[in-house]
Amino acid sequence: MLGKLIKYDFKALSRYLILIHIMLLITAALGRFLFIGKLVDNPNSLSDSGAIIMTIAIMLYVILFMTAVFGTLLVIAIHFYKNLYSDEGYLTHTLPVSRTQLLISKTVSGSVWMMIDMILVILSVLVLVIYKPMIREFAVHKDEALREMGFPDSVGYGKIIMAFIVLFVISAIANVMTIYVSITIGQLFSNHRVLGSIVSYFGISTIISIISSVIGAAYSVSAVMKAETAGDAYVYQFFLKTMIFAIILQVVTTVVFYIITQLLMQKKLNLS
Amino acid sequence: MKPILECYGLSKSYGNGRWALSNLNLSLERGQIVGLLGPNGSGKTTLIKLINDLLVPTEGSVQIDGILPGVETKKIVSYLPERTYLTPSWKVRDLIMYFEDFYDNFRRDRAEEMLEALGIGLHARLRTLSKGTREKVQLVMVMSRDAELYILDEPIGGVDPAARDYILNTILTNYNENATILLSTHLISDIENILDRVIFLQNGQVVLNASVDEVRMEQKKSVDMLFREVFRC
């Protein structure tokens, strides 16, 4: 049953998201071949009218970029709300499946789309700006670059990339759970469900960012005070600890949000 | 066999000091069509939502086939809410596939037969259908399950009299004799003939639970007349 739920949730999300992301990639590719690529080969090739068209194209790309990023959040949020708390909820909540299965299905489908979105957005940027000389330059100086950033040679790019991937997966899930818990709290305000959800979302995000910046600041101050004795590995230590802190914070909030959502869905469901 | 539906001291308050249901006790035997009748705000929809696990009781409990509402009861209860729960972008056949995927007791051939009789195409997009047609589609889906308890909340409210006849007929011909139908409506005279039993709700309590024959024999009144008398404003 969980598999079927996930299938239908993916179907619903993909309806809009596939289209948005294909358009983003196409625009990035066009921008690359029509403008950026030519400009790299020959910086003086751009005429006045060409510059105007290029500006328009860049604006189009930026708009699509924003649409993809915010559209993904919005589509996930709307699907969750509609499927569980609007009239559609009368069908969803009377399917012979548990609330846990409903929520897991929503979490899996939402998080996976969130990750796909991040990957495709990054890919579109790479498509647009990466060109061969840049890669060549980087290949030559990559160890130096790492050292410049303050990492000891022993760390290597592999570990750094791994750390970012872990953070990336966890923050996708955390983002989705923040949306879900906000909507589930919001629908308790039976006359202002949508407003309630939006207010909850910003309230929760604010609290989380206050917590993380307060702890982060306290941590930076203590780190700076120790800096003199820290030596070479200092930046690396700082990076590592910040990373671990971010991951722990996200895991804890995700688990707490999941439990709250599940409990409220179980005990306080009230379809209008 | 256990009664299909039992309520013990069932109470529900929405937290505003008013009780939508208060200490309701009820037991329904299998194999009958039961009318759940009462004025607006008498607690009909609250009771129906509690049976379908869409609300949690404040006090007391409800059991379907001896089990508390949950995954197992949802397999045997087929529920038609008063709201339209259809996803507008779907086609009728998407909905059929959805029901087939989730309900083991869904009979696709029965659904297709009824839809054909009502002149509703499988490739029609739900968004393009009229409100009445959508209600018909929903009722067809609900009645195409071999459920043990059907709960129909205002099943004929929004459809024309001709379709109403077809739907009532559908209900009568499609339910097997061990199944129970709990039907809530305001249009009492239209459905009076198919009811075996009536339950009158008022202020969240049962004020009458009698078979239609009893009402007719003892009170010498139709259910409709009795309703107007009991709930006179």
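**Exercise 1.** Within what distance do the axes of helix α4 and helix α6 of chain B come, and at roughly what angle do they cross?

*Solution.* The model is predicted, with local features needing pLDDT of at least 70 and side-chain atom pairs counting only at pLDDT 80 or more, while totals for chains, interfaces and linings use all residues. Residues are numbered from 1 along each chain as its sequence is written, chains are lettered from A, and side-chain values use heavy atoms, without hydrogens and water.

Helices (H or I, at least four residues) and strands (E, at least two) are DSSP runs, and axes are lines fitted to C-alpha atoms, with angles from 0 to 180 degrees between N-to-C directions. The axes of α4 (residues 108-117) and α6 (residues 161-174) of chain B come within 12 Å and cross at roughly 155°. That makes α4(B) roughly antiparallel to α6(B), a term for angles over 145 degrees.

**Exercise 2.** Which residues of α4(B) and α6(B) meet?

*Solution.* With contact taken as heavy atoms within 4.5 Å, Arg110(B), Met114(B) and Ala117(B) of α4(B) meet Tyr166(B), Thr170(B) and Asn174(B) of α6(B). These contact residues divide into three nonpolar, two polar and one charged.

**Exercise 3.** What is the strand order in the open sheet of chain B?

*Solution.* Strands pair if DSSP finds at least two bridges between them. The three strands of this open sheet follow the order β2-β1-β4 with antiparallel pairing, and the edge strands, each pairing on one side only, are β2 (19-28) and β4 (59-64) of chain B. From one strand to the next, the twist averages 20°. Six bridges join β1 (residues 5-13) of chain B to β2(B), and the bridge partner of Ser13(B) in β2(B) is Trp19(B).

Technical notes: Angles under 35 degrees count as roughly parallel, over 145 as roughly antiparallel, 65 to 115 as roughly perpendicular and the rest as oblique. Ala, Val, Leu, Ile, Met, Phe, Trp, Tyr, Cys and Pro count as nonpolar, Asp, Glu, Lys and Arg as charged, and the others, Gly among them, as polar.
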